[in-house]
Amino acid sequence: MHTSTDHEISKLKEEVKLLKTENEFLKNNSAQVRADIDHLNENFTDLSNTLTDVKIEVRYLSITLFDINTNVRETAEILQHHNNSMENINSDIAHNDRKQSAALLELGKQHEGFIDDIRNTTRTLKADIDQFQTDQWRLSASVSSLELFRNNQTKCDQNQEVAFTASVTSYSSTWNSGTLIFDVVITNVGNGYNPSTGVFTSPKSGTYVFYITAVEYSAQHLAIDIVLNSVSKVRAYCNSSASYQTGTNMVVLELQKGDSVWVNFVGGKGYHSQGVPLTTFSGYLIS
């Protein structure tokens, strides 16, 4: 009985020792676990702080993103406005190009018109030069006739001479009918020319030469005739292609005493002259 009890006591002591060992192990483990928990708590605190910082950063990024979105919208609006402006500019450029093209086309047409006008003017001037040469030849013939007349006069009785030259020394832009009255007498041998009526009346029968020179007024054509007793004999014509064109003509007529010769309007308007006469009417007796 005593032995059995000692054995049980010994066994119990071993169990108590084992329990103490286990308790010590558990204490040690509990301290380690507590240390781990403290470490975890510290990590959790750090994580919380980090999370708080992340939240703050996220809010900052959200605000920045909002500003970026606002800037993007404003930029988009500016870009749209710029695109609209570019479209308007392109439209204006296209419109101006069309206007300039039309203007260039019109200038080209005007240039062609100017070239045509220059060519026409050149042709007209050439025709006028040809006419001037013809007038010069006629004038030379008239001068030759006058020289012949003068030579013949030396052989004739001085009382039988008949010759006149009359002129206008001022212009008219409106004269368009009736007799052209040459009111300024330069020569009137035999007194056959009347400056009041513009009519030459033959003081004797014979062969006469009559000559007219007329200058039209400022590109207004002029046509006048040398008339014998109301019958037109020759015509002087001034073209209107340029200003102050000259027309001349000469005629030899057989007159009876008392026949009338004058210069009559046919067409156009006005005539030109100066202080030294340009428009004149002359006549003289040959024989």
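Me: Is V58 buried, exposed or partly exposed?

Reply: This is a predicted model, in which local features need pLDDT of at least 70 and side-chain atom pairs count only at pLDDT 80 or more, while totals for chains, interfaces and linings use all residues. Residues are numbered from 1 along each chain as its sequence is written, and side-chain values use heavy atoms, with hydrogens and water left out. Buried means under 20% relative accessible area, exposed over 50%, and partly exposed in between (1.4 Å probe, protein chains only). V58 has a relative accessibility of 44%, so the residue counts as partly exposed.

Me: Which residues form a nonpolar patch on the surface?

Reply: Patches are made of residues with over 30% relative accessible area and no salt bridge; like charges are joined within 9 Å, and nonpolar side chains (Val, Leu, Ile, Met, Phe, Trp, Tyr) within 5 Å. V58, which is found in helix α1 (residues 2-153), belongs to such a patch. Together the members have about 240 Å² of accessible area, and they are L51, V54 and V58.

Me: What pattern does the protein chain follow along the sequence?

Reply: Helices (H or I, at least four residues) and strands (E, at least two) are DSSP runs, numbered from the N terminus. Read in sequence order, the pattern is α-β-β-β-β-β-β-β-β-β-β.

Me: What percentage of contacts in the protein chain between residues at least 6 apart in sequence join residues at least 24 apart?

Reply: A contact means heavy atoms within 4.5 Å. The count takes contacts between residues at least 6 apart in sequence, and then asks which of these join residues at least 24 apart. That share is 71%.

Me: In what order do the strands of the open sheet with β10 stand?

Reply: Two strands pair if DSSP finds at least two bridges between them. Five strands form this open sheet, with antiparallel pairing. Its edge strands, each pairing on one side only, are β2 (184-189) and β8 (246-255). The order is β2-β1-β10-β5-β8.

Me: How many bridges join β5 to β10?

Reply: Strand β5 covers residues 206-215 and strand β10 covers residues 279-285, and the two run antiparallel. Within this pairing, T213 stands opposite T280 in β10. The number of bridges is six.

Me: Is L285 buried or exposed?

Reply: L285 is found in strand β10. From L285 to S202 the C-alpha to C-alpha distance is 9.2 Å, although they are 83 residues apart in sequence. The relative accessible area of L285 is 4%, so this residue is buried.

Me: Which side chains meet in a salt bridge?

Reply: A salt bridge is a side-chain nitrogen of Lys or Arg within 4 Å of a carboxyl oxygen of Asp or Glu. A search of the whole structure finds one. The N to O distance is 2.6 Å, and the two side chains are those of D225 and R235.

Me: Which strand does R235 lie in?

Reply: D225 is in strand β6 (residues 222-228), ten residues from R235. Seven bridges join β6 to its antiparallel partner, where R235 stands opposite D225. The strand of R235, covering residues 231-238, is β7.

Me: Is D225 buried or exposed?

Reply: R235, at 45% relative accessibility, counts as partly exposed. D225 has a relative accessible area of 2%, so D225 is buried.

Me: Where does S218, with its positive phi, lie?

Reply: Phi of S218 is near 50°, a positive value in a residue other than glycine. A219 also has a positive phi, about 65°, and is not a glycine. With a relative accessible area of 33%, S218 is partly exposed. S218 lies in the loop between β5 and β6.

Conventions:
Accessible areas come from the Shrake-Rupley method with a 1.4 Å probe; for residues, only the protein chains shown count as cover.
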